[in-house]
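Me: I would like to learn how to read the arrangement of helices and strands in a model such as this one. Could you take me through it step by step?

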Amino acid sequence: MTTTDPIADMLTRIRNANMVSHSTVDVPASKLKIQLAKLLKEEGYIADYEVKEAGKFQVISITLKYEANGRPVITKLERISKPGLRHYSKAKNLQKVLGGMGVAIVSTPKGLLTDRKARKENVGGEVLCYVY
């Protein structure tokens with residue numbers, strides 16, 4: 001099965017698993033999705049991820065992170081740039097998400113970066129999503 005927007009599909013799977021308090025969620029793998037999972041782990045939004053073989057395909061098994069009271073760490077995942085309407089931004093014009101409490105994930109020539117790293121390295125790109 002092919003999807004027109006694989007990033008939105010990944011974010012939706014994570015969002016849905018968070019709503020029903022699943023401990024893990026499986027997502028079809030790609031290089032971009034693995035980089036995105038790595039960034040989410042580095043920023044502390046997910047506990048861990050693992051790339052597994054599922055037949056001839058690879059799957060990313062994402063372990064979700066919850067607070068002590070059982071509430072999910074990820075409050076909101078919002079897709080910004082869509083296939084029908086791409087959203088590009090220069091480094092100086094990157095918005096701070098929730099006053100710096102959240103993270104914007106930007107696809108740059110240097111790979112996927114958070115908005116903070118993109119501003120620090122003075123590189124812009126396509127704003128994929130907001131996470132907070």
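Predicted model: local features only at pLDDT ≥ 70, side-chain atom pairs only at ≥ 80, totals over all residues.

Me: Which strands does helix α2 lie across, and at what angle does it run to β2?

Reply: Helix α2, residues 31-42, lies across β1, β2 and β3, running at about 155° to β2.

Me: What is the order of the strands in the open sheet, and how do they pair?

Reply: As a general idea, strands of a sheet pair through backbone hydrogen bonds, in either a parallel or an antiparallel manner. Here the open sheet has three strands in the order β1-β3-β2, with antiparallel pairing. Because β1 and β2 (46-54) stand at the edges with a single partner strand each, one side of each is left without a neighbour in the sheet. On average, neighbouring strands of this sheet are turned by 25° against each other, direction ignored.

Me: How many bridges join β2 and β3, and which residue is the bridge partner of Tyr49?

Reply: The antiparallel pairing of β2 with β3, residues 57-64, extends over eight bridges, and the partner of Tyr49 is Ile62 in β3.

Me: Where is Ser21 found, and what is its phi?

Reply: Ser21 is found in the loop between α1 (6-19) and β1 (24-28), and it has a positive phi of about 60° although it is not a glycine. With a relative accessible area of 49%, Ser21 is partly exposed.

Definitions and conventions. Residues numbered from 1 in each chain as written. Heavy atoms only, no water. Helix = DSSP H or I, 4+ residues; strand = E, 2+ residues; numbered from the N terminus. Buried < 20%, exposed > 50% of the residue type's maximum accessible area, 1.4 Å probe, protein only. Pairing = 2+ DSSP bridges. Axes fitted to C-alpha atoms, helices over the stretch in contact; angles between N-to-C directions. Contact = heavy atoms within 4.5 Å.
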